[in-house]
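Please keep the sequence and the model in view while reading the points below.

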Amino acid sequence: VEQGFDRESTDAYLYSIKEGLASPNLVLEIRVPEVAKFGSIIDIAVINHLNTTKGITATNQMRRDVMTDVTANWTKIISDYDARATMEKMEKMLPQYQKLRGVYGELNENKNLIGEVRWVGYALGFVIIAMALLFGGWVAINRKHRVVKISQPIFLHLICFGVVVLSCAIFPLGIDDSGSTERGRDAACASIPWLVSLGLSLIFSALFSKLWRINKVFAAAATMKRVVVTAKDVLTPFAILMTLNFIVLLSWTLVDPMVFERVYTDELTSYGRCVPQGNQWKGFVATLAILNFTALVLVNVQAYHARSINDELSESKYIGLATLSMFQILLVGIPLLAIVYDTPSAYFFVWCGIIFIICTTILLLIFVPKVIRWKSGASDRSTTANKFSSNWSHGNNASSAPSYSSQVENKNASRGDKRVSFDDKESELIHREKMDEIKDLVMEKHNIDITSIILKVERADEAVPVADDAQPESMADESA
């Protein structure tokens, strides 16, 4: 009372203690580890219950709520103590107490731990990371090779990085309360949405920016216009998607973070899982799903627009196959995750399988065709096609001319001008490839060589005087 408590609550509290101590059912075992915490929990629960029911008759549900609250807090004390004991290689609370009383007996408790399957999942994760680093290193080493250069190395590196981030989600998924602290388990659970969402966003936004850039260059090339499309020009969607994902994930972590929880199905059977602390997680998950699904749809739209572009420049066909594979694995994997939710080892393995298939499918479909083309020398296709076109025009008594690409190079060399049509080398290669395709198509359909026309458009666009030796010998082809 002197400390500020009212007389009535104080009397009720002391009376409950007095009656409790007098009860023949009361057992206070001072040998139990953390006994002071247990006592404090029950004291707080009792006084809160008395204050709540002051002036009214307590219902059975109120009493059950008190018991549920006390049980939950006691269970947390026990689990925290056992986790600390495991880390410090001490005995857990129950066997320690049983030995003190002389009634110790081994209990076959089934915690459904992930067990040895964890190392299988980790091996799959390391395989994915090794593949991504291998392909990323190949891109870095051969970045000046034509096959790699026209494939836009910066976006290839972003795809590899996104795959590495996504594959890293396997490692926190494999953490349970065997050999880890409560703080470590909670941190692992909170990191899973970050790694999965940011990994997918990196992959989708890199593919979108890569295809968008190619489509912009080809759209301009089809009208014989010069255009400068650098990597920075198409990184805006990438930055927007990553920023939105970051904001949503940060809000989720601050408002309703994922934590590790052990659920007991009976006294000797339990399983661990990552669960949110509230109900706000549904909105965050829905927002992230909409963002990344929209990005995937936009990737496929750009891939559709690039469907007529040679596979050496775009990966529309392979992106379509990768998307189909992702839909299939998610269609099968999500129901499986729901089925094995209460079996941690199976749940972990299904997650590893989904991530492994998504990552390896993207890496193999994007990079293997480029590696094969690089190794077989198929990157010289443009030069071979131009030679065939020249020989064909000779055979049909048409005026032969070198490819548009070589004409531009010769023109720049003859006038001593170091400038090129594009500020960006990759865009220049793509543009020249398109010009050669247009020239070959007109030659095939109409038996007309339009090289001189293309060069004239180029010179007019640059508005720079050209040396006399770069002029066509006659204007017959232009008139035609």
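**Pockets, helices and aromatic contacts**

In this predicted model, the second largest pocket has a volume of about 1400 Å³. Its lining is made up of 43 residues, and 36 of these are nonpolar.

- The residues nearest the centre of the second largest pocket are V196, V285, L337, Y347 and W351.
- Helices and strands both contribute to the lining of this pocket: α8 (170–173), α9 (182–222), α11 (281–305), α12 (316–339) and α13 (344–376), together with β1 (258–266) and β2 (269–276), each supply at least two residues.
- Besides its 36 nonpolar residues, the lining of the second largest pocket holds four polar and three charged residues.

**Cavities**

- Three cavities of 30 Å³ or more are found in a search of the whole structure.
- The second largest cavity has a volume of about 50 Å³.
- This second largest cavity is lined by A190, P193, W194, L249, W252, T253, P257 and M258.
- Helices α9 and α10 (236–255) each provide at least two residues of that lining.
- Seven residues lining the second largest cavity are nonpolar and one is polar, while no charged residue takes part.

**Helix α7**

- Helix α7 covers residues 153–167, and its end C-alpha atoms are 21 Å apart, in agreement with the 21 Å that its 15 residues should span at 1.5 Å a residue.
- Of the 15 residues of α7, 12 are buried, so this helix is largely enclosed by the rest of the structure.
- The buried residues of α7 are P153, F155, L156, L158, I159, C160, G162, V163, V164, V165, L166 and S167.

- V165, one of the buried residues of α7, is 33 residues from L198 in sequence, yet their C-alpha atoms are 7.3 Å apart in space.
- Leaving aside residues up to four places away in sequence, L198 touches V165, P193, M242, N245 and L249.
- Among these contacts of L198, P193 and L249 also line the second largest cavity.

**Helix α3**

- Helix α3 runs over residues 60–87 and has 28 residues.
- From its first C-alpha to its last, α3 reaches 41 Å, close to the 40 Å expected at 1.5 Å a residue.
- V70, I77, Y81, D82, A83 and A85 are the buried residues of α3.

**Aromatic pairs**

- A search of the whole structure finds 12 aromatic pairs.
- F38 and W74 form an edge-to-face aromatic pair, with 5.2 Å centre to centre and 75° between the planes.
- Because F38 lies in helix α2 (residues 35–52) and W74 in helix α3, this pair ties together parts that are 36 residues apart in sequence.
- F38 is buried, with a relative accessible area of 10%, whereas W74 counts as partly exposed at 33% relative accessibility.
- One aromatic cluster is formed by W119, Y122, F126, F171 and F348.

Key. Residues are numbered from 1 along each chain as its sequence is written. This is a predicted model: local features need pLDDT of at least 70, side-chain atom pairs count only at pLDDT 80 or more; totals for chains, interfaces and linings use all residues. Side-chain values use heavy atoms; hydrogens and water are left out. Helices (H or I, at least four residues) and strands (E, at least two) are DSSP runs, numbered from the N terminus. The expected span of a helix is 1.5 Å times one less than its number of residues. Buried means under 20% relative accessible area, exposed over 50%, partly exposed in between (1.4 Å probe, protein chains only). On a 1 Å grid over the protein atoms alone, a cavity is a set of points where a 1.4 Å probe fits but cannot get out, and a pocket is an open set with protein on both sides within 12 Å along at least five of seven lines; lining residues have an atom within 4 Å of a point. Grid points are joined across faces, edges and corners, and a volume is the space filled by probe spheres set on the points. Ala, Val, Leu, Ile, Met, Phe, Trp, Tyr, Cys and Pro count as nonpolar, Asp, Glu, Lys and Arg as charged, and the others, Gly among them, as polar. Contact means heavy atoms within 4.5 Å. Rings of Phe, Tyr and Trp (its six-membered ring) pair if their centres lie within 6.5 Å; planes under 30 degrees apart count as stacked, over 60 as edge-to-face and the rest as tilted.
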